[in-house]
Every structure is written in C-alpha cells, then in structure tokens.
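Subject: Structure handover

Hello,

Please find the structure below, with the sequence. My notes on it follow.

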Amino acid sequence: MKNILQIVILLSSINSIIGQTLFENKEFGISMQEPKNWNIANNDTFLKNYENIDFSVEKLAQLIDSNKGSLLLSSYYKYDINKHSGLIPTIMITIEKNPTKNFLEFKNAIKSNVESYKEIVENFEFIEEPKEIEISKNKGIVCVYKYSIKTQEGEIVKIKSRGYSIPNGSYFLNIEFIDGQIDEDCTNEFNELIKTIKIKWNK
C-alpha cells in the first residue's frame, strides 16, 4: 500500500512538470520550465522584432548595450503585483553586459556587485558566498543572500535571494530567484525549476 501511494505521488509530480510551459529564448539559447500559475512579464514585443535573425555574439552584445547593459528576457511573479501587498516571490531572467576578462574577475565582480546592496538594504548577509557551479555544462557563479527592507507602513520584510550568473564572452545570463526567509519560502519550487535550465550559447 505504501509503495502504491509513493508511485501515485511520483506520477502526479511528473504530470505537473510536463504540464508546465517552457520558457525559451532562441536568440540566446536559453530555456527553463516556467513556474506553474505564476504571472508573467517579459520583453515579448521587443524580442519579436529579432526572431529568425542569426545574431552573432558581437551583435547580441550590441543589442544589450542599446538597452543600457541589461535586457529582460522574462520575469515571473507568484501574485498579481497590482492586487497583492507584501512580499511577492519573483524570478527574473536577464542578460547583462559582462565587462570582465576572465572567470576569476567575473566571480569577483559578481561578489562586489551583490555586496554593494549593503548600502541600500538592512541586515544584509551572505547565506552562501559566491561559488563556482555548472549549469547545463556551462561554468557559472551562484550566491545566496538575505536582507530586510522596511515598507512605507513600517513593516519589516525579510527577503532571500539566490542568483545564478553564467558568462558568455561580452555578456552573461543572470537568473534571480527571490522569496521570503520565513513566509513565502519557495525553496523547493525553485530547486525544481533550476534543474530544468538549459543553455546552448550562440557562437
């Protein structure tokens, strides 16, 4: 009986994953399962103009430059931002300009950038210092940190953020998973989504 129950649970979870929509950006060779039933905001209209164009890395870098060094590919919000007050778990997929010359320099730049948040948030602390990882056979950096912000109503919101940064020459992919330290903890859901990330860089 216990084994049958485990199989039912397993099949249910598989069906749930299969039923989800796949985010895919062919220009940058990136895909990931979308979080189920979350709200989506992206640059679809803008990116539609570039479909079926064979961009080189250099041309993609120029595209990023023309967007002030950061190009939003897609973002996901657990709740409608116009109807929900308080912390809203968020996933943001962006392409950023990479001014560094090697991987060590890139790692140090990511750490320095994250540490600069200390100037604008309260109680900043690394949960996990920036470290090297591999996603879809690509070397990158992950770091996990927490901080607090105060709302206009005086409420203290405790936030946790996990960022994955994978460089490719003059630009890098950044996927940020943001949730709560206590309430709205989406760790399990985020872990499953991270397993679905595929990257095949354009050359």
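The lining of the second largest pocket has 9 nonpolar, 6 polar and 3 charged residues. In this count Ala, Val, Leu, Ile, Met, Phe, Trp, Tyr, Cys and Pro are nonpolar, Asp, Glu, Lys and Arg are charged, and the others, Gly among them, are polar. The model is predicted: local features need pLDDT of at least 70, side-chain atom pairs count only at pLDDT 80 or more, and totals for chains, interfaces and linings use all residues. Residues are numbered from 1 along each chain as its sequence is written, and side-chain values use heavy atoms, with hydrogens and water left out.

The space in the second largest pocket is about 300 Å³. Of its 18 lining residues, Ile110, Asn113, Ser165, Phe172 and Asn174 are the closest to the centre. A pocket here is an open set of points on a 1 Å grid over the protein atoms alone, where a 1.4 Å probe fits, with protein on both sides within 12 Å along at least five of seven lines; lining residues have an atom within 4 Å of a point. Points are joined across faces, edges and corners, and the volume is the space filled by probe spheres set on them.

Helix 4 (103-115) gives the largest share of that lining, 5 residues. Strand 5, helix 4, strand 7, strand 8 and strand 9 each supply at least two residues. Helices (H or I, at least four residues) and strands (E, at least two) are DSSP runs, numbered from the N terminus.

Now the strands. Strand 8 (residues 156-168) is largely enclosed by the rest of the structure, because 11 of its 13 residues are buried. Buried means under 20% relative accessible area (1.4 Å probe, protein chains only). Strand 8 pairs in the antiparallel sense with strand 7 (residues 138-150) over 10 bridges, and two strands count as paired if DSSP finds at least two bridges between them. Tyr147 has Ile159 in strand 8 as its bridge partner. The hairpin of strands 7 and 8 has 5 residues between the strands, and Gly154 takes a positive phi near 90° there.

Strand 8 also pairs with strand 9 (residues 171-180), antiparallel, over 10 bridges. Arg162 stands opposite Phe177 in strand 9. This hairpin has 2 residues between the strands, and Gly169 has a positive phi near 65°.

Strand 5 (residues 90-97) is mostly covered, with 6 of its 8 residues buried. Strand 5 runs antiparallel to strand 9, joined by 8 bridges, and Ile95 stands opposite Leu173. Strand 4 (residues 70-77) is joined to strand 5 by 7 bridges, also antiparallel, with Ser74 facing Ile93 as bridge partner.

Regards

Conventions
Buried < 20%, exposed > 50% of the residue type's maximum accessible area, 1.4 Å probe, protein only.
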